[in-house]
Amino acid sequence: MKQNFSSDKPVENESQDRFQRYNFSKRIAETIKRRESSDGIVIGIYGAWGEGKTSVQNFIEQELKTDETVLIIKLNPWRYNDEDALIRNFLKKIADILGQELEKKKNKLGNFIEKYGALGGFIGIDFTQIGKSLSEINLEDWKNEIDDFLKESTSKLVIFVDDIDRLDKQEIYSLFRLVKLTGDFSNTTYILSFDEMMVASAIGERFGAGNELSGQNFLEKIIQVPLKIPQAQISALKTYCFELVDKAIDESEIKLSQSEEQRFVYQFTDSILIRLKTPRLAVRYGNSLSFALPLLKGEVNHIDLMLIEALKIFYPRHYEFVKSNPHYFITSYSTNDNYGAEQNVKDKKDELNQHLEILASDLSKKEKASVLSLLKFLFPRLNEAFHNTFQHKGEKTWFKEKRIVSTDYFKRYFSYTVIDGELSDVVFEDFVNSIKTLEIENIGEKLTSILAETKADTFIFKLRSYEEDLDWTTSKKLSLALCLKSESFPTNYSFFGFGYDDTKTQSSIFIFQLLKKHIIIEESFEFAKLLMLDPVPIEFSFLINSWFHNGRTETENIFSEEQNVEIARILRERSLSEAGDIPIFEKYEKNSAFLLSTWLTFDKITYGEYLNQIFSNQPDKVKELLFAFTPTATSTSNPEPHKSNFTKENYNFVKTLVDKNIIHEKIKHVYDEQIDKKEVEYIEFKNKQTDINIMRQFEDWFKKDTAEIEATE
């Protein structure tokens, strides 16, 4: 990808003048050329850092070059690391240019040559012998030589000094000391460019009260003509900045929609434009985008990225605060989301306000409002803090749009990369977009590749944000691929997730939602039946099926009762086939309630025959039956899933499926001796349940049930 950062190089020609500074520069040059007085003069070009002072100097130089009597010296003091080097290079530059002029005009400078010699005394200065102080030079003799030369040659010497505000305090002082001592050369003009406030503050420490005002007073003694660089027109700066933005976007090969462009332009104009004071800021912003956009193309919300980069350039203190304190910007201010901690939320709001006040201490009232508006746009959570407008459903939308306010994306905007373990949105979107044209096997291969780089739950969570956007063909192919891959998904039971937050369950919900949103019910039904068959892992088929009859009323379910019966029949027949001689309530313990209850309801005869055959041939399987209907529990003290008590509710349910007397008889027949060894125990919050104790608990409920019946007869 082509990636060209914009140079901050000053412009030189009138054709490059975007901010109407050339006429200003030309006027200065004409004044110098037409000036009749031979007295030396010092002109100050004042402007903020990056405002274009060097460009103005270049324009002045271009105009001066049209007059052959003007001799130009350009001194960049920041290149010299001490006062000695500065002085020697300054004298050498003057000697060199005057020596060249003398050689060109020696026929016209007879009096000067007669007085000083063919080369001139100032040309023969031994620069290596100059000490660190101007007092070691016979400055008056030297100045007299220069004055005589300039008078006789009718030449004008113009000395440009730039980058003064790059110097440290001592270097600035040394430079102005040099200018003060040499500024009265005949026919000589100094043009000094610098940030007036910065330089005044730097040199003010040496004079008077030691403050900026003292520095201003010192500058007034040196600068005879102070000129402020014309301020660039806001419209011109905006156009220039937007050209750099367009360049960064084009080079990154990013296509913005019309609505995205409008959002950016509005936010930039409303919140950033007020801080766009210099061309250099525009260049820095353009370069910042040229760096960030290619790195995060497709991985974040492009408009948010462009605006957070604007915050970095134009409100750097706010940017650093956001980066270091995400909890103020991406977490909720609702007491409902903070477990009722009203005081904590109030403290958080107060802290945020205090921080924002400090950050905006050097901003104008309008700038303060502008940066707050930008922060609210980037971080809608702030509307909760300032306006009590709560964003209860915002997180899903922010995640889908890759917004910086999303907890899943925030860090990506500051790291400029997809953090290890996260899922690349470019890879993800390429996967989703390719599903329609791929075979199921190839989709599975891509899934395997993706899951090797990221966690399965991260992938499924991102998929779920796309539920409403997938067409039916893509939905079917993706569902089948997920089904075939489901056995590799982890099942991590979370106490607070109530068993619904693991990857496998979320995958089944995703497939269910795809079936539910499809408007042609018959097509959804036919596909649902397919998902109940091999090669879909049967446990995953059960999981998908569990959502089909999860509605509180029949109208809330996808399918009719008859359709659900058909799906149940398919699952039952598959279960019987795959279980073989193993009872289905043992083989498919978690789904035994569904299998037995639906079979009993819709085919009581074959159901009864099946159970009679099981308990006749394998009476010991009564233990597995009761085990299957004993609840599995977790707790904070025992987070691992374990069997809890076989309760009265469990007893009452089981006896609706299997004759309680048959269960009692089989227990007595097979396990009577083990049952009688110990009294029944009901265990609270302990992982100590056993299959024998479960049967004891059944017998306990059976005994109480029998006693109640006898008492009523």
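Modeller: Buried means under 20% relative accessible area, exposed means over 50%, and partly exposed lies in between (1.4 Å probe, protein chains only). This is a predicted model, where local features need pLDDT of at least 70, side-chain atom pairs count only at pLDDT 80 or more, and totals for chains, interfaces and linings use all residues. Residues are numbered from 1 along each chain as its sequence is written, and side-chain values use heavy atoms, leaving out hydrogens and water.

Biologist: What share of the protein chain counts as buried?

Modeller: Of its 713 residues, 50% do. The secondary structure comes to 34 helices and seven strands. These are DSSP runs, numbered from the N terminus: helices are H or I with at least four residues, strands are E with at least two.

Biologist: Why is V283 called buried?

Modeller: Its relative accessible area is 4%. The cut-off is under 20%, so V283 is buried. V283 sits in helix α11. Its C-alpha atom is 8.8 Å from that of Y240, 43 residues away along the chain.

Biologist: Why does T189 count as buried?

Modeller: T189 has 6% relative accessibility, so it passes the test. T189 belongs to strand β4 (residues 188-194). Contact means heavy atoms within 4.5 Å. Leaving aside neighbours within four places in sequence, T189 contacts I32, I41, I43, L157, V158 and I159.

Biologist: Why is the pair of F379 and F410 called tilted?

Modeller: The ring centres are 6.3 Å apart and the planes meet at 50°, so the pair is tilted. F379 lies in the loop between α16 (365-378) and α17 (381-387), and F410 in the loop between α18 (394-400) and α19 (412-415), so the pair ties together parts 31 residues apart in sequence. F379 and F410 are each buried. Both belong to a cluster linked by ring pairs, which also holds Y319, F321, Y328, F329 and F414.

Biologist: How do you know that K348 lies over the face of Y333?

Modeller: A charge sits over a ring if NZ of Lys or CZ of Arg is within 6 Å of the ring centre and within 35 degrees of the ring normal. K348 is 4.1 Å from the ring centre of Y333 and lies over its face. R403 lies over the face of F377, at 5.3 Å from the ring centre.

Biologist: Which peptide bond is cis?

Modeller: The bond from D534 to P535 is cis, with omega near 15°. P535 is in the loop between α25 (521-531) and α26 (538-546).

Definitions and conventions
Rings of Phe, Tyr and Trp (its six-membered ring) pair if their centres lie within 6.5 Å; planes under 30 degrees apart count as stacked, over 60 as edge-to-face and the rest as tilted.
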